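Colleague: Could you take a close look at the salt bridges here, and at where their partners sit?

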Amino acid sequence: MTKQSKDIISTAALHVRQYLLENLSSDYLYHNYEYANEIAEVVKKLGKDAGLDDEQMEVLQLAAWFHVCGYAVDKDRVAEQSIQVMRDFLEDQDYPKDQVDKAAQLIRSVHDDLAPQSDLE
């Protein structure tokens, strides 16, 4: 993984931590920062084992970090709210839109229980 990839992942993790600390109800004992961190670690290992390239790993990890953020906004629209939080953050980072769209699709596939459309899903 490149230094730039590590930087965006680290920055995203810090952002998600702060976002959830400020916005997530303490009623959420499961879908919280610790859970997002666990998922990010698991997908990192799975992605490495699957031989994903740096770009795929980065997109997968970003989706893992942001996929719970929607619980802080609207529990009935978690996927779309998580995607919006991620988009807002990544746009501020001048992150490539096509990569944002790929991460958004991964979040949708998890929350909407969609049949996998790609190896990443």
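Modeller: Glu 80 and Arg 108 meet through their side chains in a salt bridge of 3.3 Å, N to O, a salt bridge being a side-chain nitrogen of Lys or Arg within 4 Å of a carboxyl oxygen of Asp or Glu. Because Glu 80 belongs to helix α4 and Arg 108 to helix α5, the pair ties together parts that are 28 residues apart in sequence; helices here are DSSP runs of H or I with at least four residues, numbered from the N terminus. Glu 80 counts as partly exposed at 34% relative accessibility, and Arg 108 counts as partly exposed at 22%, where buried means under 20% relative accessible area, exposed over 50%, and partly exposed in between, with a 1.4 Å probe and protein chains only.

This is a predicted model, in which local features need pLDDT of at least 70 and side-chain atom pairs count only at pLDDT 80 or more, while totals for chains, interfaces and linings use all residues. Residues are numbered from 1 along each chain as its sequence is written, and side-chain values use heavy atoms, with hydrogens and water left out.

Glu 55 forms a salt bridge with Lys 102, their closest N and O atoms being 3.3 Å apart. That pair links distant parts of the chain, with Glu 55 in helix α3 and Lys 102 in helix α5, 47 residues apart. Glu 55 is partly exposed at 43% relative accessible area, as is Lys 102 at 39%.

Within helix α2, Lys 45 and Asp 49 are 4 residues apart and thus separated by about one helical turn; their salt bridge has its closest N and O atoms 2.8 Å apart.

Definitions and conventions
Helices (H or I, at least four residues) and strands (E, at least two) are DSSP runs, numbered from the N terminus.
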